[in-house]
Amino acid sequence: MTVEAQPVSELPDPRSLGFTVVAEDDLPTELTDLVDQVRTLIDTVAHTEADGADLAAARDLVAEAVKRIDGERRPIGALVHRSDFEGPVGFGTLTNVVEGPTNPAAPPMRLELTEEGLRAEVTLSGVYQGPPGLVHGGWIAAMLDQALGSASAAAGMPGLTANLDVNYRNPTPLNVPLEITARVTGTERRKVFVSAEIRHNGEVTAEGTAVMVQVALPG
Ligand SMILES: CCCCC/C=C\C/C=C\C/C=C\C/C=C\CCCC(=O)SCCNC(=O)CCNC(=O)[C@H](O)C(C)(C)COP(=O)(O)OP(=O)(O)OC[C@H]1O[C@@H](n2cnc3c(N)ncnc32)[C@H](O)[C@@H]1OP(=O)(O)O
């Protein structure tokens with residue numbers, strides 16, 4: 001395959017394109033702690049058998065909490081920059097639904113650089129359920145898409161998913177550690193070919209390939 005990737009050093013700084021960028025290290029720990037607590041809240045609400053009085057009291061407490069922090073909001077499209085990625089490749093959306101550090105709807109997942117590409121470990125609660133006891137297939141696809149897109153971006157070639165192909169090889173269980181791996185397998189003009197897997201206990205439960213297309217960036 002031919003390689004015509006834009007060199008990483010030529011990628012523009014998203015700030016120069018008008019994006020709001022927040023350094024991940026500057027996010028208050030009170031905010032990331034709150035995100036964790038809200039995750040626990042979502043899981044608890046989804047499974048509780050508490051009685052009506054307790055549910056009503058909990059609703060009032062949550063409403064009070066919302067009132068306490070509602071006010072100025074970061075803009076949609078705000079990016080977060082991770083300092084553990086070198087140069088201009090460590091950008092992602094702050095509220096990304098799979099990995100955004102301020103999004104309590106995202107599972108506690110963090111892709112890390114490896115020699116081969118990217119790797120994450122994640123345990124999904126019952127909030128991500130599809131079939132009984134199993135992760136929803138759409139979420140499996142979402143996690144693979146995130147890993148695939150991030151592998152492309154981490155290699156200096158951020159783009160949009162043009163095609164995503166998922167094979168579900170074995171059931172993916174809830175409430176157990178899952179391993180996600182992804183890497184770039186080739187490039188051709190603006191296309192970046194990527195592959196990824198999800199494993200439980202070393203066994204592949206799902207695998208995906210994607211064509212990411214690098215979009216023209218000004219500058
Ligand atoms: C320094 C960065 C600055 C900016 C920072 C911004 C963001 C942060 C950066 C990175 C983010 C980090 C991590 C990523 C995280 C998560 C990943 C999630 C990814 C997504 O969740 S993303 C949402 C879903 N995604 C879409 O919303 C795309 C909708 N879509 C389109 O916007 C267009 O469709 C587009 C752009 C894809 C192409 O449009 P286009 O006009 O640019 O290009 P064109 O059509 O000419 O195709 C060019 C070559 O791709 C081939 N091609 C086209 N389509 C194909 C297909 N389906 N299958 C196979 N090949 C295909 C052609 O055949 C041709 O190939 P060839 O070169 O061989 O001719």
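Q: Which runs count as helices and strands in this predicted model?
A: Helices are DSSP runs of H or I with at least four residues, and strands are runs of E with at least two. Both kinds are numbered from the N terminus, and both are DSSP runs.

Q: What percentage of residues 133-204 is strand?
A: The UniProt annotation "domain: Thioesterase", from an unreviewed entry, covers residues 133-204. Over this stretch the end C-alpha atoms are 17 Å apart, and helix makes up 25%. The figure for strand is 46%.

Q: How many strands does the protein chain have?
A: Reading from the N terminus, the elements follow the order β-α-α-β-β-β-β-α-β-β-β-β. Three of the elements are helices, and the strands number nine.

Q: Why does a radius of gyration of 19 Å agree with a compact globule?
A: Let's start with the extent of the C-alpha trace, which spans about 65 × 45 × 25 Å along its principal axes. The chain has 219 residues, so a compact globule would have a radius of gyration near 17 Å.

Q: How many residues of domain 2 are in contact with domain 1?
A: The chain is divided into domain 1 (10-103) and domain 2 (107-214), and their C-alpha centres lie 21 Å apart. On the domain 1 side, the touching residues by class are six nonpolar, one polar and three charged. In total, 10 residues of domain 1 are in contact with residues of domain 2 numbering 14.

Q: Which strands lie at the edges of the six-stranded sheet?
A: The six strands form an open sheet with antiparallel pairing, in the order β4-β5-β7-β8-β9-β6. An edge strand here pairs on one side only.

Q: Which residue of β9 is the bridge partner of Asn163?
A: Strand β6 (residues 160-168) runs antiparallel to strand β9 (residues 203-213), and eight bridges join them. Asn167 stands opposite Glu207 in β9. For Asn163, the partner in β9 is Val211.

Q: Which residue takes a positive phi in the hairpin of β8 and β9?
A: Strand β8 (residues 191-200) pairs with β9 over 10 bridges in the antiparallel sense. Within β9, Thr209 is the bridge partner of Ser195. Two residues lie between the strands of this hairpin, and a positive phi near 50 degrees is taken by Asn201.

Q: Which element gives the most residues to the shell around the ligand?
A: Around the ligand there are 25 residues, and those that come nearest are Gly149, Ala153, Pro158, Ala162 and Asn163. The elements that give two or more residues to this shell are β3 (91-93), α3 (137-154), β6 and β9. With five residues, the element that gives the most is α3.

Q: How many residues of the shell around the ligand are charged?
A: The shell draws at least three residues from each of domain 1 (10-103) and domain 2 (107-214). Sorted by class, 14 of the shell residues are nonpolar and six are polar. The charged residues number five.

Technical notes:
Residues numbered from 1 in each chain as written. Predicted model: local features only at pLDDT ≥ 70, side-chain atom pairs only at ≥ 80, totals over all residues. UniProt positions renumbered as here; feature names shortened; annotations may be inferred. Domains from an automatic or database assignment. Contact = placed C-beta atoms within 7 Å. Nonpolar A, V, L, I, M, F, W, Y, C, P; charged D, E, K, R; others polar. Pairing = 2+ DSSP bridges. Near = placed C-beta within 6 Å. Rg over C-alpha atoms; globule rule 2.2 N^0.38 Å.
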